[in-house]
Amino acid sequence: MNTPRRHFVLGSLGTAAATTLPALSAHAAGYPERAIMFLCPWPAGGTADVTMRALCTAASRELGQAIAVENKTGASGMIGLKALASAKPDGYTIGQIPISVTRFSQLGMVQVDPLKDLSYIARVSGQTFGIAVRSNAPWKTLKDLVADAKARPGLVTYGTAGIGGATHVGMEEFALAAGVKFNAIPFKGGADALAALMGGHVDVLADSSSWAPQVRAGQLRLLATWGEQRSAEFKDTPTLRDAGYDVVVDAPNGIGAPAGVPAPVLARLRTAFKAAAASPEFTAACARIDAPLMYQDAPDYQKYVSATMDKEKVLIERLNLKELLKS
């Protein structure tokens with residue numbers, strides 16, 4: 001699908017998600033009877049991909065069937081999300097739900113209603129977002145980066161996992177608070193943005209903790225993280241609030257399915273993914289990238305999504321995102 005860099009609108013769901021499927025209920029007791037497809041909307045090798053694969057390994061053990069992970073990338077995660085929402089609601093297609101759908105749906109960039117077109121299974125983990133630069137970069141601190149960006153408006157580039165996504169919006173919110181202008185360079189996912197930073201194609205990386213191994217190895221310098229609290233691993237790195245900017249960004253990873261999945265099937269998935277979220281392989285995968293565990297069962301997760309939609313409405317207006325996406 002070829003789209004302009006800053007414009008994408010994904011088509012309506014039609015009747016697939018709304019179709020009632022009474023015939024499926026007869027088969028729910030034996031679910032699952034075959035392998036399940038898990039749609040990851042981010043490229044292979046990124047933080048979401050790595051943790052979701054570990055989660056699916058544990059969940060497949062609970063379900064007694066294989067879970068095949070397919071990376072369906074593009075449009076800041078919305079290509080995979082649209083494919084998930086449009087799939088047959090029989091429990092054999094599930095996937096990660098990017099929380100940014102709460103923003104993109106209100107911007108008209110994807111015709112998926114997060115509260116009507118999806119079935120929620122579980123929120124599983126959070127992300128540690130941060131700003132990283134190469135170890136040989138001239139900026140030793142966030143203050144140094146801000147000073148240079150003020151001196152050279154629009155010339156400092158940063159890589160991000162797509163225009164309008166959490167890392168892009170978070171970085172722009174930080175830029176607004178700091179009174180600076182950066183040049184956003186979008187990629188299909190965090191892994192590609194990290195590669196661009198390592199290769200010297202962008203100056204700065206704004207991403208979830210794809211940068212963690214390179215920071216540990218001394219190849220990258222972490223200037224700030226974006227959470228409420230400092231990272232458990234990188235305790236010497238200030239948060240944006242510590243540095244004087246009232247910006248907090250959190251985008252938990254969640255699991256869902258198309259709307260209309262039979263209740264017994266959904267209950268089976270909820271039970272399996274609750275166990276998977278507490279499994280050794282998933283907790284270890286999260287620990288390796290400093291991702292906090294943030295489990296919520298479906299009802300609370302759906303309430304979280306609804307509250308996030310309200311917050312995004314305010315942020316869209318504050319950052320003038322509709323106009324930004326037109327430029």
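Y301 lies in helix α11, which spans residues 298-318. In this predicted model, Y301 is buried, with a relative accessible area of 1%. Setting aside residues up to four places away in sequence, Y301 touches I97, Y120, A122, R123, G254, I255 and Q296. Y301 and I121 are 180 residues apart in sequence, yet their C-alpha atoms are 8.0 Å apart in space.

**Surroundings of Y301**

- Q296, one of the residues that Y301 touches, has its place in strand β11.
- Q296 has a relative accessibility of 19% and counts as buried, because the cut-off for that class is under 20%.
- Beyond residues up to four places away in sequence, the contacts of Q296 are A122, R123, Y301 and Y304.
- Two further contacts of Y301, I97 and G254, stand opposite each other, with G254 belonging to β10.

**The six-stranded sheet**

- Six strands make up an open sheet with mixed pairing, in the order β2-β1-β3-β10-β4-β11.
- Its edges are formed by β2 (67-71) and β11 (293-297), each of which pairs on one side only.
- From one strand to the next, the twist of this sheet averages 25 degrees.
- Strand β3 (residues 93-97) pairs with strand β10 (residues 253-258) in the antiparallel sense, over three bridges.
- Helix α9 (residues 263-277) lies across β2, β3, β4 (118-125), β10 and β11.
- The direction of α9 runs at about 10 degrees to β4.

**The five-stranded sheet**

- A sheet of five strands is likewise open and mixed in its pairing, and its order is β7-β6-β8-β5-β9.
- Strands β7 (183-186) and β9 (220-225) are the edge strands, and each pairs on one side only.
- The twist averages 30 degrees from one strand to the next in this sheet.
- Strand β5 (residues 130-134) runs antiparallel to β9, and five bridges join the two.
- Within this pairing, V133 stands opposite R221 in β9, and G130 has T225 of β9 as its bridge partner.
- Although β9 is an edge strand, six of its six residues are buried, so β9 is largely enclosed by the rest of the structure.

- The buried residues of α5 include L142, L145, V146 and A149.
- Viewed down the helix axis, the buried residues of α5 fall within an arc of 100 degrees, so they line one face of the helix.
- An α-helix has 3.6 residues a turn, so residues three or four places apart point the same way.
- The buried residues of α5 pack against β5, α6, β8 and β9.
- The exposed residues K143 and A151 are carried on the face of α5 turned away from its buried side.

**Nonpolar cores**

- The largest nonpolar core has 55 residues, and I131, F174 and F182 are those with the most contacts inside it.
- Beyond its neighbours within four places in sequence, I131 is in contact with L142, L145, M171, F174, V204, L205, R221, L222, L223, A224, W226 and L240.
- Among these contacts of I131 are L142 and L145, both of which are buried residues of α5.
- Another core lies apart from the largest one and has 33 residues, including F38, L55, Y92 and L266.

**Confidence of the prediction**

- The protein chain has a mean pLDDT of 90, and 91% of its residues reach 70 or more.
- Over residues 1-9 the pLDDT stays under 50, and the model has 24 contacts for this stretch beyond four places in sequence.
- Residues 12-24 also have pLDDT below 50, and this stretch has 18 contacts in the model beyond near neighbours in sequence.

How values were computed. Residues are numbered from 1 along each chain as its sequence is written. This is a predicted model: local features need pLDDT of at least 70, side-chain atom pairs count only at pLDDT 80 or more; totals for chains, interfaces and linings use all residues. Side-chain values use heavy atoms; hydrogens and water are left out. Two strands pair if DSSP finds at least two bridges between them. Helices (H or I, at least four residues) and strands (E, at least two) are DSSP runs, numbered from the N terminus. Axes are lines fitted to C-alpha atoms, for helices over the stretch in contact, and angles run from 0 to 180 degrees between N-to-C directions. Contact means heavy atoms within 4.5 Å. pLDDT is the predictor's confidence in each residue, from 0 to 100. A nonpolar core is a set of buried Ala, Val, Leu, Ile, Met, Phe, Trp, Tyr and Cys residues joined through side-chain atoms within 4.5 Å. Buried means under 20% relative accessible area, exposed over 50%, partly exposed in between (1.4 Å probe, protein chains only). The arc is that of the directions from the helix axis to the C-beta atoms.
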